[in-house]
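Below is a short briefing on a predicted model, grouped by topic.

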Amino acid sequence: MKLPFYLVFTLGLPIASAVAAPSPSWKNIDLGDNRLLSFDGSLRERYEWTDRRDLGVNGASRDDIFMQRLLIGSRFDYTDYFSAYIQVGSSLATPREQGRKPTDEDHAYLGQGYIDLKLPTPYGEGTLRVGRQEIPLGALHLMGTRDGANVRRAFDAIRASWQWDTSRLDAFIGHPITLKEGSFDDSTDNSQKVWGIYGTTPVTAFNSSVDVYTFGFEQQNAHYTQGMGEERRYTLGARLYGHANNVDWDNETAYQYGQFRQHDIRAWSVSSHAGYTIESWPLKPRFGGKAGIASGDKNPHDGQLNTFNAMYPKLPYLTENGLVAPANLIDLHPSITLTPWETVSLDLSWDAMWRQSSADGFYLGPMRPVKDSEKGSRFIGHQYQIETLWTPESWLQFKVAYVYFNVGRSLEQHAGLKDMNFFLAQGTFSF
């Protein structure tokens with residue numbers, strides 16, 4: 001039986017208060033002979049409501065859902081050379097009026113299950129990880145965890161890494177997981193494959209760190225405005241990020257090439273995030289801004305595909321409704337974040353969006369082109385978001401957010417899209 005949101009936390013808070021000690025008894029249990037056993041987990045309760053699912057695509061209207069996600073993990077370490085981790089999950093959800101999404105429900109599943117073979121040396125530590133695992137990299141623009149959904153994203157993969165000081169190099173290859181609603185019946189999705197190399201190192205002179213990477217990506221049923229087919233795509237990218245004197249920044253650019261059906265792929269993206277925090281002012285405001293461009297297809301008949309594909313981005317990407325895919329998109333996103341108390345933050349943001357190419361369509365996440373959206377004006381619309389976070393303890397967080405999506409007139413006329421209100425309330429207990 002699924003307990004209501006408020007009841008779970010009312011019953012759970014006394015238990016959580018008792019167990020949230022600095023060193024709980026289930027962390028780093030010494031089994032002797034250089035063996036350690038540790039447990040972790042999280043419980044998330046989330047409610048979502050919208051008056052028009054997916055902006056009314058295919059006539060979809062009001063939709064709401066209550067979701068519960070429970071994850072419990074255990075790690076076993078043997079000497080400095082071997083460890084194993086297993087995480088099981090249960091993601092439950094009430095029915096949606098418009099039908100469930102694939103990531104809404106999975107009764108019982110293996111979230112992660114892998115072994116680590118380690119090689120510690122005076123020059124750093126190497127690790128070979130084999131098994132089901134999450135692969136979050138960088139700012140999660142291309143390899144993210146899909147934490148907003150009720151079932152997170154994992155891969156059956158092999159990953160080798162080398163860590164020295166504050167620098168790290170990763171190489172991996174794997175397939176995403178196909179979700180099924182039953183118990184322990186998820187499988188490897190062989191229709192998609194991803195591989196890559198990702199490196200990060202500090203640049204002290206600029207108070208920054210720099211990431212450089214290359215990815216390969218294949219899928220059998222890619223879907224773009226110009227059609228469907230097999231895709232093989234390569235990405236080259238770099239990221240520069242850091243902070244100094246109350247200023248923070250995060251800039252990233254990527255170039256893609258490859259083949260889609262018989263067409264060459266030539267695509268690109270650029271994003272820039274920056275903010276300035278005034279610590280001496282009341283509420284410690286951070287004035288921030290994001291700007292991003294992801295290329296779109298210039299001509300569906302020129303034998304080339306120019307639509308950028310972010311592969312496995314974090315969700316949500318722009319706002320908490322998780323609607324917009326970073327493809328054929330120009331995005332301007334100013335924001336202000338207020339911190340009235342150390343444990344509370346309030347974020348106010350406005351998001352203006354255009355299609356980068358008038359010949360390509362508007363894409364909903366994950367990479368779903370909206371029919372007839374390539375017609376008319378490039379303007380997509382505005383999003384307005386209010387989000388508040390309350391973290392009374394390090395192990396307990398509450399989030400409430402409201403997003404209003406104001407659809408541009410052209411998309412309303414040609415694609416039949418409508419304005420949308422979205423609300424969520426979420427609580428997460430971690431141990």
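Glu-342 counts as exposed, at 69% relative accessibility; exposed means over 50% relative accessible area, buried under 20% and partly exposed in between, with a 1.4 Å probe and protein chains only. The side chain of Glu-342 forms a salt bridge with Lys-284, at 3.1 Å from N to O, where a salt bridge is a side-chain nitrogen of Lys or Arg within 4 Å of a carboxyl oxygen of Asp or Glu. Glu-342 sits in the loop between strand E17 (329–341) and strand E18 (344–354), and Lys-284 in the loop between strand E14 (263–277) and strand E15 (286–294), so the pair ties together parts that are 58 residues apart in sequence. Lys-284 is partly exposed, at 30%.

**Basis of the model**

- The model is predicted, so local features need pLDDT of at least 70 and side-chain atom pairs count only at pLDDT 80 or more, while totals for chains, interfaces and linings use all residues.
- Residues are numbered from 1 along each chain as its sequence is written, and side-chain values use heavy atoms, with hydrogens and water left out.
- Helices (H or I, at least four residues) and strands (E, at least two) are DSSP runs, numbered from the N terminus.

**Confidence**

- The average pLDDT, the predictor's confidence in each residue from 0 to 100, is 93 for the protein, and 95% of the residues score at least 70.
- Residues 1–19 stay under 50 in pLDDT, and the model has 31 contacts for them beyond four places in sequence; a contact means heavy atoms within 4.5 Å.
- Where pLDDT is low, the predicted coordinates should not be read in detail.

**Other salt bridges**

- The salt-bridge rule gives a count of 28.
- Glu-97 and Arg-62 meet through their side chains in a salt bridge of 2.7 Å, N to O.
- This pair links distant parts of the chain, 35 residues apart: Glu-97 is in the loop between strand E4 (82–93) and strand E5 (106–121), and Arg-62 is in the loop between strand E2 (35–50) and strand E3 (63–78).
- Glu-97 is exposed at 52% relative accessibility, whereas Arg-62 is partly exposed at 36%.
- A salt bridge also joins the side chains of Lys-118 and Asp-77, at 3.9 Å from N to O.
- Lys-118 belongs to strand E5 and Asp-77 to strand E3, so this pair ties together parts 41 residues apart in sequence.
- Lys-118 is partly exposed at 23%, and Asp-77 is buried at 17%.
- One network, made by salt bridges that share partners, joins Arg-46, Glu-48, Arg-53, Asp-63, Arg-96, Asp-104, Glu-320 and Lys-399.

**Nonpolar surface patch**

- Ile-115, Leu-117, Leu-128, Val-130, Ile-158 and Ile-173 make a nonpolar surface patch of about 450 Å².
- Patches are made of residues with over 30% relative accessible area and no salt bridge; like charges are joined within 9 Å, and nonpolar side chains (Val, Leu, Ile, Met, Phe, Trp, Tyr) within 5 Å.
- Accessible areas come from the Shrake-Rupley method with a 1.4 Å probe, and for residues only the protein chains shown count as cover.
- E5 and strand E6 (124–133) are the elements that give two or more residues to the patch.
- Val-130 lies in strand E6 and is partly exposed at 35%.

**Strand E23 and its partners**

- Strand E23 (residues 420–430) is mostly covered, with 9 of its 11 residues buried.
- E2 and E23 run antiparallel and are joined by 9 bridges; two strands pair if DSSP finds at least two bridges between them.
- Strand E22 (residues 396–407) pairs with E23 in the antiparallel sense over 10 bridges.
- Thr-428 in E23 stands opposite Arg-44, and Thr-428 is also the bridge partner of Gln-397.
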